[in-house]
Amino acid sequence: MSLVSQVLKLISNSVQDAFNVELDPRSLSVELPPDAAMGHLAFACFPLAKACRRAPQQIAQELAARLEGKAPLTEVNAAGPYLNLKVDVTRWFSDVILAQREGLPQLPDAERERVVVEYSCPNTNKPQHLGHVRNNILGEGLANLLSVAGHDVTRVNLINDRGVHICRSMLAWQRWGEGVTPESSGEKGDHLVGRFYVLFAQKLKAEQDAWYTAKGVDPKVLPRDEQDALEQEFGEKSELLSAVRQMLRDWEAGDTAVRQLWERMNSWVFDGFEQTYSELGVHFDRVYYESNTYLLGRDIIEAGLDKGSLERNDTGAVVCSLEELKLQPKVLLRSDGTSLYMTQDIGTAVARQRELDFQRMIYVVGNEQEHHFRVLFHVLQKLGYDWADRLLHFSYGMVNLTTGKMKSREGRVVDADDLLQELKDACREVMQQGERRLDMPVEEQEEVVHALALGALKYFVLKVNPKLDMLYDPKESIDLQGNTGPYLQYAQARIRSLIRKSGVDAAAVTQFDKLGNEEEVELLKQLAFWPLEVQQAAAQFNPSRVATRTYELARAFSRFFNAHSVFDRVDDPELAQQRIALVDAVGTAIRQGLDIMGIPTPERI
């Protein structure tokens, strides 16, 4: 039993003795006091007030009297509604460092689940941009975190490779591409297709402007409802949009020429995506394609119609009533029989459950899709799938630029490939500074440059609470000092270097009676709460907690390192060995945090 668990058991027993209230020690928690002078641990009595029928201040006073002198506690003080506790630090050092060598604790078998985490899910009509980067990094970080906690995690990607939006790029290339290919242009495949997606939007806007001019109207001066009516009318009469809709119908009918063009352009994009994923260090266990699941979705909808769970509206479209959600009916099949995003998502969810038999499935998708997933989960429940209540939308905030919101159709985005290259260039410049870096082989330098770039990018994303919007500032994103990924990577590399130079076998050190100064105890406290922080981060689906605590560990190490020699210039050999063992435990924890975040850990920088 860990020292903290022993303390919680003592508190639980004291509550039982004083107030005749039985508590599970696992339901209690201690925290770090805001001021180290208060003690090593603090226990808040507020949660006990109702059960004990006492004011928190009274509870604290009573418990302080009962806990005094009980090992491993060395001092107990009541401070208002709090208990401030000091413990036997030698015992605590031993407890924490030896436990760290066993690795992070995992959930009991009964609490582990088969979890599917879906992330990335790009469209094949544009390259990935900063918004996709946040999705990829959050999805990978969440999957890593849940896996470390003990869950059986399957990472999946659903590539949106069909639909009206895909046909826009295809039509643009067909009409204005003049046979260009990635090979002939020297352009990365996803970038080439994305260029035609933007071109279609430009051509469509020109057609719409001409249509408005021919009608003699300026939509900007009209009321909103009239603008919407005109927009709908244009959509019905637009030659370009009509051609796109026909192309989709031809695709669904299996038209040979359309299918060949679709396969060709998709192959360009898939190659480009693979390069981006490889550079980002992102991987998947399964990759699904909506072109393979949309028919299953349509079959499920038609079966639901036969059972009476769904109905046809006046236009002949199949809809699902959403009265329970106080929303308008949701169209699941158009009147011409073609599928929608919702149809495809239904088919994909059912296929996943049949194939993977998950106990929980998490969709990592931005918060602009909250309505979509609320409806999706409800429709699946109405169709009779009892596992629908085990679906979760991991909703995260948007990424905005300092110049405003990113817009793919206008080509106003931060390209993922360009962003990573920019970071690599900045890191390479840092690596080339100083004589001590010149003895590193060029190949190794490039590996470190790539690792630092990934550290800068991934930590920049993961340190922000997922629920919050992010403001991307290029200058801040390439800052390699302070609260950054490279700061953590430098700390970890420095620790490994210290251990190598010391020649000490840290794992052989089992006595810690020489440790106890202020900086050492601060490291101890950070280490003691590290496993709990990881567990709570997994329970809350919040990788940012891991990022924050890893940074706090690195800061605590930096303060210790600046205040004390680790092994050289230390007269007491036993103290040097014990400090190396402490530093080794800190380095292991930092590496665990970096691994969860998907950040590489170079041995030297």
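Visitor: How many residues does the largest nonpolar core have in this structure?
Guide: The model is a predicted one. Ile-11, Phe-43, Leu-63, Leu-83, Phe-93, Val-117 and Phe-557 have the most contacts inside the largest nonpolar core. The residue count of that core is 151.

Visitor: Which residues does Phe-557 touch, not counting residues up to four places away in sequence?
Guide: Phe-557 is among the residues with the most contacts inside the largest core. With residues up to four places away in sequence left out, the list for Phe-557 is Ala-491, Arg-494, Ile-495, Leu-498, Leu-523, Val-583 and Val-586.

Visitor: How many aromatic pairs does a search of the whole structure find, and what is the angle between the planes of Phe-373 and Phe-377?
Guide: The search finds 16 aromatic pairs. Phe-373 and Phe-377 lie four residues apart in helix α14, about one turn of the helix, and both are buried. Their ring centres are 5.9 Å apart. Planes under 30 degrees apart count as stacked and over 60 as edge-to-face, so the rest are tilted, and this pair is tilted at 50°.

Visitor: Over the ring of which residue does the charged end of Arg-352 sit?
Guide: Two such contacts can be described. The charged end of Lys-203 sits over the ring of Trp-176, 4.9 Å from its centre. For Arg-352, the distance to the ring centre is 4.6 Å, and the ring is that of Tyr-288.

Terms used. Residues are numbered from 1 along each chain as its sequence is written. This is a predicted model: local features need pLDDT of at least 70, side-chain atom pairs count only at pLDDT 80 or more; totals for chains, interfaces and linings use all residues. Side-chain values use heavy atoms; hydrogens and water are left out. A nonpolar core is a set of buried Ala, Val, Leu, Ile, Met, Phe, Trp, Tyr and Cys residues joined through side-chain atoms within 4.5 Å. Buried means under 20% relative accessible area, exposed over 50%, partly exposed in between (1.4 Å probe, protein chains only). Contact means heavy atoms within 4.5 Å. Rings of Phe, Tyr and Trp (its six-membered ring) pair if their centres lie within 6.5 Å; planes under 30 degrees apart count as stacked, over 60 as edge-to-face and the rest as tilted. Helices (H or I, at least four residues) and strands (E, at least two) are DSSP runs, numbered from the N terminus. A charge sits over a ring if NZ of Lys or CZ of Arg is within 6 Å of the ring centre and within 35 degrees of the ring normal.
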